[in-house]
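Please look at the structure below with its sequence at hand. The report that follows describes some of its packing and contacts in plain terms.

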Amino acid sequence: MQLDVSNFVPASDEEKQSLVTMRDSIGFWKDGLHRLRKNNVAMISLVVIVIVMVLAFIVPSFYPYDYKEQIRGNENLAPMGYSVKEQASIDSGDFVFPHFLGTDNLGRDLSVRIMMGSKISLLVGIIASAIIMMIGSIYGAVAGYFGGRADQIMMRIVDMIYTVPDLLIIILLIATLKYPLKDLANTNPAFAWINTVGVGLICIFIVFALLYWVGMARQIRSQILSLKEQEYVTAARALGASHARIIRKHLLKNCIGLIIVTTTLQIPSAIFTESFLSFIGLGVSAPMPSLGSLAATALGGITSYPHRLLAPSIMISLIILSFNLFGDGLRDAFDPKLKN
Amino acid sequence: MDKLVEAIHLKQYFNVGGSPLHPLQVKACDDVSFYIGKGETLGLVGESGCGKTTTGRSLLRLYEPTAGTIMYDGVDITHVSMKPYRRKMQIVFQDPYASLNPRMTVSDIVGEPLDIHKLSSSKKDRQDKIIAMLERVGLNSEHANRYPHEFSGGQRQRIGIARALAVDPEFIVCDEPISALDVSIQAQVINMFEKLQDEMGLTYLFIAHDLSVVKHISDRIGVMYLGKLVELADNMELTFHNLHPYTRSLISAIPVPDPRINRSRHRIILQGDVPSPLHPPSGCNFRTRCPYVTAICSEEEPEFKEVGPNHFCACHNLDMVPKA
Amino acid sequence: MSERLLEIKNERLSFFTPAGEVKALNDVSFSMDQGDVLGIVGESGSGKSVTAYSIMGLTAHPGRLIGGEINFNGHRIDLLQEKDLRKIRGNEVSIIFQDPMTSLNPVYTIGDQITEVLLLHTHCSKKQAKDKAIELLSLVGINEPERRVRQYPHELSGGMRQRVMIAIALACEPKLLIADEPTTALDVTIQAQILELMMELKKKLGMSIIMITHDLGIVSTICEKIAVMYAGKIVEYGTIDDIFYSPSHEYTKGLLNSIPKLTEVGHEKLIPIEGSPVDMLKPPLGCPFAPRCKSCMKICLDQMPEYTYLSDVHYSACWLLQKKEFDKLQEDTQIG
C-alpha cells in the first residue's frame, strides 16, 4: 500500500466528529406502533373494528330507512325481499333501496336496526370502559403509591366489591330506580333523555361505575408497586415533587401501556355484559335496538326467520373477537417485558 | 471553616421482619457524626453494607432518620418540612439507567425541578435555562428532545447532574456517581464534578467504594464499616498515615495499576467475610476480622474520638497498630 | 520452552441482531503458551468477553463466527460440533463468571454442583467424586468443607460463592482457566482474597489463566502479559512492564492517564479520553479509536492500521508508529 506525506497530516475536529453520529430517535410509541403494524392479526382486527364503527356511527345517518320507522305492509319481509307496494314502485320504474336483511314483524328494516344496535353496544362498551379506566387507575395508583394502612383498607374494599353479585344489583337498581327516573323524565324537560336512553341502560352504567373498576384497580396497583421502587421516583422526591405530581407524571405515565391494553380488552367484556342484559330484557327499552335485544326478539321466530337471530349474534361475536385480538396485539406491541 | 451540613449521632435503622416483640433490624447507619464545611468535599468510603448510601440519603431526609439530628447551615432540619431545602440539597444517583424516567424527554427531566420550584418566568425562559444547564455539563440543545435510552451511560449521568444543578443548589450528595461508568468516561465525569464545584461553589458528599477516586476528589475522607464511622481524616493523612486496622487493610487490598509497586507491596489480606448486618458482633464490629483484636474489643464499643489534629478514629488498640 | 496452548488467528465474530450486524470481533489474533497468565483489558463493547467465550464455543445466539481459526490444545474449536465441544468444556478449559449469585444453581447443593462436572468428564464413582469435592473446597480456602458441601448457594457469602465457582472450574484440572471479571461484583477486601487465591493456585497447579477485566489495577497484580482491546480489535499487546511503563497506543496511554492513582502525593488533574465509546452497529472504516484520539491523522479515518512490532512480544496497531517508520525511511533515502 502506497503511503505518502499527506496521509499523516492531522485530522481536523470536524472530520473526527463526522464519524460520530447519533442514531435516529425512536420513541416508545413509534417503536410499539412499528411492532403493531407487523402483527397481521391485529391489523386485520383493526380493519374490522373500523368497518364496524363506520357501519354503526356513520352509515345510519345516510341510510334511507330509520330504525324506528314502521312501514305498514313491509312486515316480515325476507332478506332482499320487497313488499307488494314496493314491488309495484319498482315495476313502475322507481328505485327502492333493498332490505338487505329483510324486515321485522313491525315492518322495520333489519339492517339499519342491526347497525343502530351495534352503535348502542359500542357506545356502552366504550363509555363503560372509560369510566372503569378513570376510577380504576386512580384508585389503584393511590393505593399502590401510599401503601401501608391506606393500601390495606383500600384493597379490602376491593375484595368486598368483588364478592357482590352484579346481576342482582342491576335488577335491584332497575326495580328501585325505574319509576323515580321515569317521573323525573316526565316532569323535568332537562332529563327527557332518560326516556330515550332507557332506565335499564342508566342502571348498567351506574353498576359499571360502582363495581366493575376493581379489576383495573388491582392491575394498576401492582404495576405501581413495582414502579415506585425505581430510582427515578426517588430522584423526583429528592427534587421536591409532591405526591400528586409523582403519581401523575412518573407513575401513571409509565403505566399508559398497561392502561390502554386493559381498557381495550375491557370493551368487549362490557359489550358482552350489555348484550346479555338486553337479551334478558334488562337493558335498552324499545324501540331502541341493542344487539342483545334483537337477538331476544328473534328467538321466537327462530325456525321461520333464522337470519333474524344469526345477524345480531354474528355481529356481537365479530365485535368482541376483533377487540380482543386487537387488544392482544396492543399488549404484545407495548409490553416492555418483551423488549430485548 | 463554616459547617454547612452536620450529622449528629445519626441513626437509621430498618425493620426487616421478625416478630412484633423481637423486631429484626438492620442498623444501616449506627450513631454517625460528622460535618461538611462550605465548599468542601467529604468522601465517604466503605464496602457493600457499610451504610454509606443510607447515610447520604438520610442527610437528605429521603429516609426519615430513626434518631439523631441533621443540621443545615446552622438550622436543625431533622423534623421540618423539606420543601425549601430541596432546592439547596440535591443528589446524583449511581445508576444512570434507573435514575431517569424512560418516558420523559431530556428537556422534561432537566426542567422538572424548575417546574416544581417555579423557577422560570416563561416558556422561553424555562427552555433557555434548560439549554444552559445542558451545555454546562457538556451536552447541547439537540439532545433536549431525545429520550434517555438513546444516550450512553456517561451521557445519562450528565443528564442526572444537569437535573441536580437546575435548582442552583449549595450541597450535592454524589451517591457512587461513577461506579457504573466505563473507565475512560469516569475521568471526564470526575473532572466535570471538580469544575462545577469551582464554578458554582458547591459542597459535596462524595460516596464511593473506590478509594482511589475518593482520595482524588475529596478534601477529607470518612471510612465506614457495618454502619459505623471508623476513621475520618484529611485525604492525604488517611491514605498515608492511617490508624485504624480496617482502613489499613482496605488500602492495602486495593490493586494499584503499577507492577513495580505491586511486587514490592506488603498486602494485608483480611480473613473471613463481612458479618451479617442483622447480627453485628458485640463491642467493636470489626473485631471478627481484626489482626489486633484483644479482650476489650468484644466487651466495649470503641469511642469515635479525635486522636490527632482533625483526625478521628474508633479503636481500642491504636497503640498496637504499627505506624503506616 | 513451553508448548503453545492457544492460538487465535484472524477471528471475526458478529452478532446479527434485528437492528443490524454488530461486528463484535474484527480480526483478533493472539496466542498463549502453557503456564501464561494473560490479561485482556477493555471496556464494555470492546469484545473481551466475546473473545473468551468463543474459545469455549459458547458464543450466544445471534452471534456467529464469520472468519478465522481458533486452535486450543490441539483442537480446532471453530470447526468442532457441539457434542465434541461439550467434552472439552469443564474438562480442558473452564470458566468462572462475573456474578457468583446467578452462576450457581440455587436448588442444588454446592457438593452436587462440583460433583456434576466430575461425573461428567471423569470415570470416578459418586463416592470418589464427593471426596474430591471436599478436597477441592479446602484447596480454595473454604473452611469446614465437609459441612459446606451439603449447603446451598444462598447460605454462602459472595466471596465464598466465587471460591466455589473456582473449585468447580478446577475440578477436572483444566489446562486453561478463563476468568471473566471474577471480582467485579465483590468488595475490595474479598477481591484481594480471591486474587491471592488465584495466584496461589496458579503456582500450585501450573495452569494458564486468561483474566478478563476493565481494572488495570487487577491486571498489574496478577497478569504477565496484557492484550488491550478496543471496539473488537487488539490495539496493543505486551508484557505488563511494556504496557504500564512504555505504552505505545494512544488508547492505552489515555487509560493510564485517566485513572486516579492511590499512591500519588499531589493532586494531579486527570487527563480523560474525550468522546464516547464507538457505536458497534456503525463502526468507522479506519481505526475505531480515531474520533477520540488527540493525535488522529487523516489516514486514521479511513484505513485500519497494521500492527507494528516494538519488540518480540510488544506490538501496537497505530498509524503513528507507521508514520515514524515512514519518516525514518524518508530520512534514510534523503541521506543516502
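The buried residues of helix 11 of chain C pack against helix 5 of chain B and, within chain C, against helix 9 (216-222), strand 9 (225-230), strand 10 (233-239) and helix 10 (240-245). Those buried residues of helix 11 (residues 250-258) of chain C are E250(C), Y251(C), T252(C), G254(C) and L255(C). Here a residue is buried if 20 or more other C-beta atoms, placed from the backbone, lie within 10 Å of its own, exposed if 12 or fewer do, and partly exposed in between. Helices (H or I, at least four residues) and strands (E, at least two) are DSSP runs numbered from the N terminus.

This is a predicted model, in which local features need pLDDT of at least 70 and side-chain atom pairs count only at pLDDT 80 or more, while totals for chains, interfaces and linings use all residues. Residues are numbered from 1 along each chain as its sequence is written, and chains are lettered from A and ligands numbered from 1 in the order in which they are written.

The contact between chains B and C takes 35 residues from chain B and 35 residues from chain C, two residues being in contact if their C-beta atoms, placed from the backbone, lie within 7 Å. On the side of chain B that touches chain C, helix 5 of chain B gives the most, with 6 residues.

Within chain C, helix 4 (residues 110-121) and helix 7 (residues 158-170) pack at an angle of about 25°, with their axes 8 Å apart; axes are lines fitted to C-alpha atoms, for helices over the stretch in contact, and angles run from 0 to 180 degrees between N-to-C directions. Helix 4 of chain C and helix 7 of chain C are therefore roughly parallel to each other, a term that covers angles under 35 degrees. The table gives the residues of this contact.

| Helix of chain C | Residues in the contact |
|---|---|
| Helix 4 | I110(C), Q113(C), I114(C), V117(C) |
| Helix 7 | V164(C), A167(C), I168(C) |

Of the 185 residues in the largest nonpolar core, L205(B), A167(C) and V228(C) touch the most other members, where a nonpolar core is a set of buried Ala, Val, Leu, Ile, Met, Phe, Trp, Tyr and Cys residues joined through C-beta atoms within 7 Å. Helix 7 of chain C gives the most to this core, with 8 residues. Leaving aside neighbours within four places in sequence, A167(C) is in contact with I114(C), L136(C), L137(C), L139(C) and V140(C).

Conventions: Angles under 35 degrees count as roughly parallel, over 145 as roughly antiparallel, 65 to 115 as roughly perpendicular and the rest as oblique.
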